[in-house]
Amino acid sequence: MAVEEYTADNWPADRWPNFSHKEMCCSHTGICRLDSDFMDRLQKLRTTLDKPMTITSGYRAPSHPVEIGKVHPGTHAEGHAADIQCSGGDAWKLVIAAGTLGFRGIGVAQSRSSSRFVHLDDIDKTSWSRPAMWSY
């Protein structure tokens, strides 16, 4: 696994054709540090589902307001996570496919607003309890 910093100029659009630098970078800082294996897995998920995926949160810098509120920065700050907007049957299909492709952390947001999403990460460290599934 290799975390690399990407800019709009070096974004590998041929490798990850269904994702853009803009949607994957930190909304607070504009920085984009992603693990290439994670992104390959996310692209494979998108290809498997054969349906567009809206990323609501990709990389988050440790200074991002959501990360600052945590005891330790989370999987987004490590470049190993994305939140994908979806609900209902689409969420079910996404969760099933994600499990078979090696995503080890799956969080399902049950908000009644338009912010329904599924968190996916592939972190595999002894300091994290994985595999795991949770709801928000």
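Modeller: Arg 33 pairs with Glu 5 in a salt bridge, with 3.1 Å between the closest N and O atoms. I call it a salt bridge when a side-chain nitrogen of Lys or Arg is within 4 Å of a carboxyl oxygen of Asp or Glu.

Colleague: Where do Arg 33 and Glu 5 sit in the chain?

Modeller: Arg 33 is in strand β2 (residues 33-35) and Glu 5 in strand β1 (residues 3-5), so the pair links distant parts of the chain, 28 residues apart. Strands (E, at least two residues) and helices (H or I, at least four) are DSSP runs, numbered from the N terminus.

Colleague: Before I forget, what kind of model is this?

Modeller: A predicted one: local features need pLDDT of at least 70 and side-chain atom pairs count only at pLDDT 80 or more, while totals for chains, interfaces and linings use all residues. Residues are numbered from 1 along each chain as its sequence is written, and side-chain values use heavy atoms, leaving out hydrogens and water.

Colleague: OK, how many salt bridges are there in the whole structure?

Modeller: The search finds 9. One of them joins Lys 70 and Glu 67, at 3.2 Å from N to O.

Colleague: And Glu 67, buried or exposed?

Modeller: Buried, at 2% relative accessible area; the cut-offs are under 20% for buried, over 50% for exposed, and partly exposed in between (1.4 Å probe, protein chains only). Lys 70 is partly exposed at 34%.

Colleague: Which residues are linked in a network?

Modeller: Salt bridges connect Arg 60, Glu 67, Lys 70 and Asp 83 into a network.
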